[in-house]
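Please look at the charged side chains in this model, and then at its nonpolar surface. The text below goes through them pair by pair.

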Amino acid sequence: MQLIENPNFTIIAGENAVPISQLPPIWQNIAAGLANVGFKNTEVYVKMAQLFQYKLAKGDVDLFNERPELAKFKAAFSQLFGQLAYETLEFYGHDFLIDQYPNFEQILTDVKSKGLEYANEVKVALIGIDLFNEFGYDLPASFYHVHLAPIYRDHVFEERALRFDKRDIEHKRSWDAILHSGKVFAVQMKVQSIASKYGFTYHHGCGCNSHLSSIDAAEGAFNYELSPKKYQRWIRSFIWTAWYEYAFFQIVPNTSYLV
């Protein structure tokens, strides 16, 4: 990372970032307190957005910082990924709006009303509620939608290839980004800990099948608690990972051979 003194840039924690005025309108509204979001520490989220837009739009990545022989490609990279970063922030700015989140209690009521044969769907709804009680609005709405998705399948253990199955095609980019953010292992451990209490585990095949679990049966419950001192760091890491996974989604090579 090379620090550049320029009146068109902002400095955040010693790193270059774009000014708020260069972010998508939804983030400008979030920064101004005009958007109906529920997360805490608005300033932190806005600063992350400023850094993310700068790093992709200016090619401030290890590829160019560590391999000067590739400098000739930096302008093309910046043009492409500056656009993808903007699209990413635009999506997540809206995904953080409160009205985008599931109505958990209504979902639970609906599946309970369908009878005892929907007992597994009830468990998935309860997992969703427990996840929200843990993370609330600190994580985007798509985090909850993807974990509730098995409710709406033929059965909760059904596998679907996000990149190829037309039934989930509209969600493939955002859901895949959330699932890949599970590499932030502390958050993944908490998800699995909650799911295990209902007899389930979540699985994501990171190949081209990219299925959101099938949910599988768990052998037993285990308890995992996020360290309060590290909570905000893990949340920021999870969101940052979701953003770059969303931005890079369409350039990841895929093949139906793996499905």
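Glu-87 has a relative accessible area of 27%, so Glu-87 counts as partly exposed (buried is under 20%, exposed is over 50%, and partly exposed is in between, with a 1.4 Å probe and protein chains only). Its salt-bridge partner is Arg-173, with 3.4 Å between the closest N and O atoms; a salt bridge here is a side-chain nitrogen of Lys or Arg within 4 Å of a carboxyl oxygen of Asp or Glu. Because Glu-87 sits in helix 4 (residues 74-95) and Arg-173 in helix 8 (residues 172-180), the pair ties together parts that are 86 residues apart in sequence. Helices are DSSP runs of H or I with at least four residues, strands are runs of E with at least two, and both are numbered from the N terminus. Arg-173, at 14% relative accessible area, is buried.

The model is predicted: local features need pLDDT of at least 70, side-chain atom pairs count only at pLDDT 80 or more, and totals for chains, interfaces and linings use all residues. Residues are numbered from 1 along each chain as its sequence is written, and side-chain values use heavy atoms, with hydrogens and water left out.

Another bridge joins Glu-245 to Lys-183, where the closest N and O atoms are 2.8 Å apart. This pair also links distant parts of the chain: Glu-245 belongs to helix 10, Lys-183 to the loop between helix 8 and helix 9 (185-196), and 62 residues separate them. Glu-245 is buried at 13% relative accessible area, whereas Lys-183 is exposed at 51%.

Where do Lys-47 and Glu-43 lie relative to each other in helix 2? They are four residues apart in that helix (residues 42-57), so about one helical turn separates them. Lys-47 is partly exposed at 32%, and Glu-43 is exposed at 55%. The salt bridges number nine by this rule.

The nonpolar surface comes next. Leu-80, Ile-251 and Val-252 make a nonpolar surface patch of about 240 Å². Patches consist of residues with over 30% relative accessible area and no salt bridge, with like charges joined within 9 Å and nonpolar side chains (Val, Leu, Ile, Met, Phe, Trp, Tyr) within 5 Å. Accessible areas come from the Shrake-Rupley method with a 1.4 Å probe, and for residues only the protein chains shown count as cover. Ile-251 is found in the segment after helix 10 (231-248) and is partly exposed, at 45% relative accessibility.
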